[in-house]
Amino acid sequence: MRLTKYFIPTLREIPAEAEVVSHKAMLRAGMIKKLASGIYDYLPLGLKAIRKAENIIRKNMDSSGAIEILMPSVQPAEMWEESGRWSYYGKELLRIKDRHDRNFCFGPTHEEVTTDIVRSFITSYKQLPINLYQIQTKFRDEVRPRFGLMRGREFIMKDAYSFDVDDAGANVSYGKMRDAYRRIFDDCGLRYTMVEADSGAIGGSYSHEFMVLADTGEDSVISSDRGGYAANLEKAVCADNWEEWNEVVLPAEEKETPNTRTVEELAAFLGVPVIKILKAMIVNVDGRFYCFLVRGDHELNLAKVKNFFGAPSAELASYDDIAEQTGGAPAGFIGPAGLKIEIYADYAVRAMKNVVMGANIKDLHIINANLGRDFEVKAFGDYRNAIEGDTCPADGGKYVLTRGIEVGHIFKLGTKYSESMNAVYLDREGKRNPMIMGCYGIGVTRVVAASIEQNHDEKGIIWPVQLAPFEVVIVSLNPNEQAVADLSETIYKELSGLGLDVMYDDRDERAGVKFTDAELVGYPVRVAIGKKSLSEGNVEVTVRRTGETVAVKKEDCISTVMEILEKLR
Ligand SMILES: O=C(C[C@@H]1CCCCN1)Cn1cnc2cc(Cl)c(F)cc2c1=O
Ligand SMILES: [Mg+2]
């Protein structure tokens with residue numbers, strides 16, 4: 001492509017709203033343009049990277065036996081009423097009305113639509129298993145879209161749905177997708193890890209996420225330093241391996257603790273370590289209230305609370321609900337004594353002695369409170385967030401916390417949709433059975449952003465060859481010298497002839513401007529052609545990732561570039 005005939009609106013200034021590297025880099029390199037909050041134009045460079053990611057995904061999905069389809073973005077509400085999800089989702093679901101005032105939504109996902117296709121045409125076990133997938137635009141009305149394509153409201157997803165006759169078959173389908181995802185992210189040149197994940201509201205028995213390791217990732221990953229376990233923090237299991245504190249049980253006494261709103265303030269005021277404090281939270285689980293206790297240095301894990309009750313949601317209670325459930329105690333002074341609601345505690349609480357707990361009265365705490373004498377617990381469980389240094393119950397290693405960007409999520413779905421929407425098949429004995437489903441997503445636009453998060457420096461993007469919009473940029477240093485232009489054209493045509501995506505920067509610009517743009521846009525290989533190329537017969541080949549430049553005889557330019565690109569793959 002000739003740059004004078006192309007469209008790469010690079011920016012000198014970074015818009016203030018861009019917080020993370022990939023967002024800044026994609027704006028500066030002229031890959032995207034914001035149309036509205038969380039909604040972006042994919043400009044030529046951005047689209048080429050997205051298309052390369054899509055083709056890697058398509059190649060591996062097809063070779064896994066999945067079959068590509070394309071479903072509508074606009075979905076009728078009736079389908080979501082059948083699955084019971086129309087009323088379940090809140091504002092995140094973009095609901096629209098057509099001219100006849102009928103209800104539709106802009107699809108955030110396509111379980112219902114795919115299940116409708118399968119139930120309409122597949123009726124026998126002989127037609128199963130089947131895996132249908134699409135690569136398509138989704139819309140989820142995030143309350144706070146940010147980080148550019150990392151958390152957009154409109155985004156491109158590959159979503160696949162598998163249908164099997166039984167659980168064993170569904171496990172095979174799940175395994176095929178897991179292996180396909182590994183090939184996809186390897187082929188994209190991403191460093192990632194697969195982690196056990198919370199299945200969230202869509203139910204189903206288990207799920208795994210594929211996390212691109214990056215410090216700017218929004219997700220927290222807990223993994224054992226022995227490599228035997230990795231999970232999203234929402235899901236990471238905590239061992240119940242606490243030694244009872246060997247302290248003499250002391251008499252409890254009330255203590256005035258004015259204005260000690262936080263655990264740290266309370267600990268400092270009383271001169272005790274945070275670990276001695278019993279944190280009590282009132283949790284609203286789908287409208288029912290419970291009190292959960294965790295040790296002062298731990299955090300309550302609401303995903304674990306939600307899953308414990310099998311509820312669609314679990315949130316910290318509002319101030320008003322706290323006051324109502326505790327007889328008026330403000331947050332920071334809540335305790336388990338004298339509550340009417342059920343009390344659950346994390347395993348670590350069972351080992352505590354002589355703790356500080358809220359008295360459910362403003363500015364008052366009780367010190368040296370002890371389980372059994374001063375408060376009761378209905379049941380102990382794993383309700384806290386794992387932390388670094390915890391012992392891994394799976395392999396005895398120590399937990400390490402890292403951050404990740406979720407680029408893929410695969411779910412064992414079960415019969416949630418096939419039962420509610422009657423997607424059944426006749427088995428050998430002619431008996432009707434619901435199909436066992438799985439669903440599998442990849443955030444295509446997020447893959448591109450994640451790749452930049454993992455591959456950049458202060459000058460801009462360092463594209464892995466696999467996703468690079470253009471693999472090579474030819475920079476003519478003296479475009480007005482006919483001989484330089486001729487040599488540049490020759491090399492440009494030869495490299496393009498080999499099937500590479502080559503950008504030819506034929507602008508009448510200074511070398512510095514061309515070099516800076518080449519580094520910003522992130523072409524893996526740069527070929528610079530100038531007067532020296534004529535006098536000494538050399539061209540300069542630069543590798544973006546290492547910054548290393550070599551002088552190459554112009555007749556060896558093509559083979560050198562091809563070798564470098566092969567090594568980079
Ligand atoms: O999408 C999934 C599960 C899998 C992920 C892989 C591809 C197939 N679906 C979970 N999920 C997430 N956010 C949603 C947001 C809205 Cl507004 C909604 F109405 C539904 C969903 C929803 O179901
Ligand atoms: Mg997910």
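His409 is buried in this predicted model, its relative accessible area being 10%, which is under the 20% that sets the limit for a buried residue.

**Ligand 1**
- Ligand 1 is surrounded by 17 residues, and the closest of them are Trp80, Arg85, Thr109, Glu111 and Arg140.
- An N or O atom in the side chain of Glu111 is 2.6 Å from a nitrogen atom of ligand 1, while for Arg85 an N or O atom of the side chain is 2.8 Å from an oxygen atom of the ligand.
- The side chain of Tyr89 has an N or O atom at 3.5 Å from an oxygen atom of ligand 1.
- Of the 510 Å² of accessible area that ligand 1 has on its own, the protein covers 91%.

**Strands S4, S5 and S6**
- Strand S4 (residues 74-76) runs antiparallel to strand S6 (residues 103-106), to which three bridges join it, and in this pairing Gln75 stands opposite Cys105.
- Strand S5 (residues 95-97) is likewise joined to S6 by three bridges in an antiparallel arrangement, with Arg95 standing opposite Cys105.
- The hairpin of S5 and S6 has five residues between the strands, and in this hairpin Asp101 takes a positive phi near 70 degrees.

Notes
Residues numbered from 1 in each chain as written. Chains lettered and ligands numbered in written order. Predicted model: local features only at pLDDT ≥ 70, side-chain atom pairs only at ≥ 80, totals over all residues. Heavy atoms only, no water. Buried < 20%, exposed > 50% of the residue type's maximum accessible area, 1.4 Å probe, protein only. Pairing = 2+ DSSP bridges. Helix = DSSP H or I, 4+ residues; strand = E, 2+ residues; numbered from the N terminus. Near = heavy atom within 4 Å. Polar contact = N/O pair within 3.5 Å; in protein donor to acceptor, adjacent residues only side chain to side chain. Areas by Shrake-Rupley, 256 points an atom, 1.4 Å probe, with all protein chains shown as cover.
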